[in-house]
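Subject: The two-chain model, with notes

Dear colleague,

Here is the structure that I promised to pass on to you. Please open it beside this message, and then read the notes that follow it.

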Amino acid sequence: MSGDIPKIRLRGLSKSFGPKVVLDGVDLDIRAGHSMVILGGSGSGKSVTLKCILGLITPDAGLIEIDGRDVAAMTRREREAVNDRIGMLFQNGALFDSLPVWENVCFKLLAQRRITRRAARDKAAEVLAQVGLAASVGDLSPAELSGGMQKRVGLARAIAAEPDIIFFDEPTTGLDPIMGAVIDGLIVDCVKRLGATAVSITHDMASARRIGDDAAMIHKGRIVWRGAAATLGDTGNALVDQFARGEREGPIQMELRK
Amino acid sequence: MDRALDLTAGLGRFVLAMLRGAGAVALFAAEAISHLVRPPFYGRLFLKAFVEIAWFSLPVVALTAVFTGMVLALQSYTGFARFNAEGAVANVVVLSITRELGPVLAGLMVAGRIGAAFAAEIGTMRVTDQIDALTTLSTNPMKYLVAPRLLAGTIALPLLVVVANTLGVMGGWIIGTQQLGFASGAYLKATFDFLQAWDVISGLIKAAVFGFIVTLMGCWCGYNSGGGAQGVGRATTAAVVSSSILILASDYLLTAVMFSR
């Protein structure tokens, strides 16, 4: 694919739930092979943007292009083929608790009959090692894992089929700072190794600087800033800087009932 | 006048909501059925659901059937004794069990066990993003979660009803011979002399329909649950209540169709 065409292109993406407008014309380009971090407060529309790109939510209006192709114009099979190249790490892991870890990790490969169950065990051990987990973890149930281990298994599941786009939904939420840094390091390593395009949503600024090449901030359903992730905290944009520094005073006012 | 209009509008909204719900369930069922004839097929998941429904429901269905047969023998004996028709006990027991009580009671028991379990499991998967995760892992949730369960329920319940019928008749035979003084051979002869193949087959057809209803409502309520733990609880309750009502309503319809002359 040409370097001029963004891997993912959003134009005028809008979505409302009843009277509540969540996305109000989101425009965003995500460069191929780069890591984009989408920042924003709770309820700002980050997760809905991600779910629209993944096809889990149908937007009310707007354009979503992946590799220059409008996903809305794709047939079901074409859309499934696009999804085959996508991996996703969910905020709470979303591991299947009825399956052991190794089946979770190789779920996509098994579902698509790309691998036998015997080979899947070996493959799972290999991928678990890439996220710093022992092969013996493969035989455990997700309920037996700590939060950090669940994130790592979720990451292993996201990368097992070697996708070229990976989404990370709040990858460090609920983890202690050290485990958060470990997960961020694993994300950077995995994305680099696969040469994938990564899209992460987070409100953890340390995590955003560690995993992002580019960053964008969504506020009230619109992208209000985009730039290099390294400049976060000193962007000159009052909204972004207040958010990055976690300041109470500024243009972003929390709606608190007194 | 305004009050009457308000009542009419409320009634209209209720009817429209019912129709919308029925349509949505019908579309859900149609999509699930369409996945039964389109590959890939998840045989392992079908077997798992089948064992869960048929094998693990066996104790509760068996106990219900035995006690129902016993009660039926006692009740019909004391009732028929008023007009000297005690000899009809065996016939009443076998016809009641095979035509009605076997399938209906097994259906209600399975609704309580399986309908609730499916709604809770799928509902929990919904609220913990596991269903979204299936989609991102190139797996259709309807094909993976709903279609195998629907097929398993439709096949498993008739098999459970065969067991329930046998044990129900046996319960009546135990009471008839041990407590009511019937000779064993005479009781069994009376049982099988009056039994026709259609009595059993009609019950098995009902059971297949009830199995479909129970699994469909369990999956539907779970699939559309929301609102965290409370939402899953509501989905579980709704699955049991709706499938129980639908079992009784469809039992009337099926009886009217199959036994109207």
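A:E162 is exposed, with a relative accessible area of 55%, where exposed means over 50%, buried means under 20% and partly exposed lies in between (1.4 Å probe, protein chains only). This residue forms a salt bridge with A:K123, and the closest N and O atoms of the two are 3.9 Å apart; the term stands for a side-chain nitrogen of Lys or Arg within 4 Å of a carboxyl oxygen of Asp or Glu. The pair links distant parts of the chain, since A:K123 sits in helix α5 (residues 117-130) of chain A while A:E162 sits in the loop between α6 (147-159) and β7 (165-169) of chain A, 39 residues apart. Helices (H or I, at least four residues) and strands (E, at least two) are DSSP runs, numbered from the N terminus.

Please keep in mind that this is a predicted model, in which local features need pLDDT of at least 70 and side-chain atom pairs count only at pLDDT 80 or more, while totals for chains, interfaces and linings use all residues. Residues are numbered from 1 along each chain as its sequence is written, chains are lettered from A and ligands numbered from 1 in the order in which they are written, and side-chain values use heavy atoms, with hydrogens and water left out.

The structure holds 24 salt bridges over all chains, and some others deserve a look. In chain B, B:K206 pairs with B:E100, with 2.4 Å between the closest N and O atoms. B:K206 is buried, with a relative accessible area of 0%, whereas B:E100 is partly exposed at 25%. Back in chain A, salt bridges that share partners join A:K7, A:D67, A:R85 and A:D164 into one network.

Next comes the interface between the chains. There, 23 residues of chain A are in contact (heavy atoms within 4.5 Å) with 19 residues of chain B. Together the two chains bury about 1700 Å², 54% of it on carbon and sulfur atoms; buried area is the accessible area (1.4 Å probe) that two parts lose on being put together, summed over both. A:L56, A:F96 and A:F107 supply 25% of the area that chain A buries against chain B, more than any other three residues. The rule finds 1 salt bridge across this interface, and in it the side chains of A:K51 and B:D132 meet at 3.6 Å, N to O.

Finally, why is helix α9 (residues 238-245) of chain A described as largely enclosed by the rest of the structure? Of its 8 residues, 6 are buried, so the rest of the structure largely encloses this helix. The buried residues are A:L239, A:V240, A:D241, A:Q242, A:F243 and A:A244, and they pack against β3 (35-39), α8 (205-211), β9 (214-219) and β10 (222-228) of chain A. At the start of α9(A), a side-chain oxygen of A:N237 reaches to within 2.9 Å of the backbone nitrogen of A:L239, and just after the helix A:G246 takes a positive phi of about 65°.

With best wishes

Methods
A polar contact is a pair of N or O atoms within 3.5 Å; within protein, one must be able to donate a hydrogen and the other to accept it, and residues adjacent in sequence count only if both atoms are side-chain atoms.
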